[in-house]
Protein chains: 4
Amino acid sequence: MIEPRYKSEDPNWDARVRASFAKQGAMRLLGAKISELQPGNCTIELPYRDDLAQQHGYFHAGITSAIADSAGGYAALTLFPALSDVLTVEFKVNLIAPAHGGTLVAEACVVRSGRTLTICTVDVCVERDGERIPCGLMQQTLIRIDPK
Amino acid sequence: MIEPRYKSEDPNWDARVRASFAKQGAMRLLGAKISELQPGNCTIELPYRDDLAQQHGYFHAGITSAIADSAGGYAALTLFPALSDVLTVEFKVNLIAPAHGGTLVAEACVVRSGRTLTICTVDVCVERDGERIPCGLMQQTLIRIDPK
Amino acid sequence: MIEPRYKSEDPNWDARVRASFAKQGAMRLLGAKISELQPGNCTIELPYRDDLAQQHGYFHAGITSAIADSAGGYAALTLFPALSDVLTVEFKVNLIAPAHGGTLVAEACVVRSGRTLTICTVDVCVERDGERIPCGLMQQTLIRIDPK
Amino acid sequence: MIEPRYKSEDPNWDARVRASFAKQGAMRLLGAKISELQPGNCTIELPYRDDLAQQHGYFHAGITSAIADSAGGYAALTLFPALSDVLTVEFKVNLIAPAHGGTLVAEACVVRSGRTLTICTVDVCVERDGERIPCGLMQQTLIRIDPK
């Protein structure tokens, strides 16, 4: 699917999305940061730590999902009106290879931006020693919450 | 679907599963604990903290997914032979209501235990003031990793 | 998850749902019938034919999904106001065992009925020689379309 | 995710895959055809008919899923050894826009080809009057069945 190019209606989209991300206690706990933000796209990075791992020392599938979910949510939010907010309806993620060490990188793009629902796909790679190994793939549905 | 009753082939299943859970750095970071464990079932609990939340103060969807994923993985592992291990292939989760405060409870049960693949469903509720509010529903596929 | 009990607001729900089902050309092509209908529940049955199969003679995963999708959609529709309609947002299905011969039975129940979105789970079994073998499990999100 | 380029180990992959597709009674019933086949890719087309529709005259979500599921399965099968076969483990599909009339086109590509499991994504469009409107997006897990 060719990724569509988007334009945000809200001139303040960048600051608005970063302010929302800054309020996510969970992203702070994990140590995740937004490394790229464009209308319809958001990339989140997370350096490896032992306390993000499962029993074999790989990134925990839930942690991988957490940054992919936030990346998709913020990719969606870039395109919303100034006062609207976003909630995850559901997502599905395949863990396509174990991710150990290095930095986890979740790149989200909006594939369909509707009035109520937004669909994103998120590619997750692990970057290590200059290499990028795909480790996760998410397909996600989000809902726009408008002010009453 | 009527939940099947299972019997583990490994007499040591309980200690084996708890030892694996204790190695998950991510569960320690979040503050999650196993509260029930039976062959084919695992329940994980996680008390609310601000640093587990998204921008509105609800449990982050990724955190909800993380404990649901571990619950499903360990429900599967109870039924595996002593030397086998488990990896998540994929999961899909619906966030059916925002979960705020209280304790998040993820109850996993194995619905199909095959030689290679195991399928689990996980119900996630938030327990608060003696009430249980359903907040998530996961359907998950896991793979058994046998020693070489 | 304990299945909630529902009451429809529309006294005419049964006739309304059956009329909509009768308009689904695809269900007629396959030979599928509604065998049970209650507020929040719908069961669809489909007897085996060779032209519903994949390369090994099992029910095709897409055919299994088609009746499960309709069952979920109509379980949702039982609870909607008289003039509203339903569309599938997305679903995820596990094919937990090959289904050959007999009758495919898809039992859907609503697990969450919101103003905009409805979540269903659908169990699919094959009934043959008095036995019921679970063969599929779906988790589905639907959207209510209200008249303008 | 950059789509990987694949090479099949089996020189006879094209004839092998087409022979398997020809055995799918369900694809014949629907009127679906393979329109493109490469190692790691398969495209299936399905012209609109009323008996493939749901209650509003759109392609039924289950029919859309059926051709997407076959496209993914055969994209996977192109890469398998000569005597191996493929089964769908699970898939998740978003119906991103109603598809009415024209020809439904499901383009599958393998994103990860492992020894046991293969992951595909499938884009579904409707082609009408020279336009292509995206209408579905699938993420699918398949298992390789080796001869005993």
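Two strands pair if DSSP finds at least two bridges between them. Helices (H or I, at least four residues) and strands (E, at least two) are DSSP runs, numbered from the N terminus. This is a predicted model, in which local features need pLDDT of at least 70 and side-chain atom pairs count only at pLDDT 80 or more, while totals for chains, interfaces and linings use all residues. Residues are numbered from 1 along each chain as its sequence is written, and chains are lettered from A and ligands numbered from 1 in the order in which they are written.

**Strands**

In chain B, strand S5 (residues 117-128) and strand S6 (residues 131-145) pair in the antiparallel sense over twelve bridges. Within this pair, Thr118(B) of the one strand stands opposite Leu142(B) in S6(B).

An open sheet of twelve strands runs in the order S1(A)-S2(A)-S4(A)-S5(A)-S6(A)-S3(A)-S3(B)-S6(B)-S5(B)-S4(B)-S2(B)-S1(B), with antiparallel pairing. Its edge strands are strand S1 (33-38) of chain A and S1 of chain B, each of which pairs on one side only. On average, neighbouring strands of the sheet are turned by 20° against each other, direction ignored; axes here are lines fitted to C-alpha atoms, for helices over the stretch in contact, and angles run from 0 to 180 degrees between N-to-C directions.

Where do chains A and B join in the sheet order? S3(A) is followed there by S3(B). Strand S3 (residues 85-95) of chain A and S3(B) pair in the antiparallel sense over five bridges, and Glu90(A) has Asn94(B) as its bridge partner.

**Where chains meet**

Two residues are in contact if their C-beta atoms, placed from the backbone, lie within 7 Å. For the classes, Ala, Val, Leu, Ile, Met, Phe, Trp, Tyr, Cys and Pro count as nonpolar, Asp, Glu, Lys and Arg as charged, and the others, Gly among them, as polar.

| Chain B touching chain A | 30 residues from chain B, 30 residues from chain A | twelve nonpolar | eleven polar | seven charged |

On chain B, the elements giving two or more residues to the side that touches chain A are helix H2 (25-30), helix H3 (61-77) and strand S3 (85-95).

The same surface serves both, as 100% of the contact residues of chain C recur in chain B.

**Helices**

Which residues of helix H1 (residues 13-22) of chain B are buried? They are Trp13(B), Val17(B) and Phe21(B), where buried means that 20 or more other C-beta atoms lie within 10 Å of the residue's own, exposed means 12 or fewer, and partly exposed lies in between, with C-beta atoms placed from the backbone. Seen down the axis of H1(B), these buried residues fall within an arc of 65°, so they line one face of the helix; the arc is that of the directions from the helix axis to the C-beta atoms. They pack against H2, strand S1 (33-38) and H3 of chain B. On the other side of H1(B), Ala15(B), Arg18(B), Ala19(B) and Ala22(B) are exposed.
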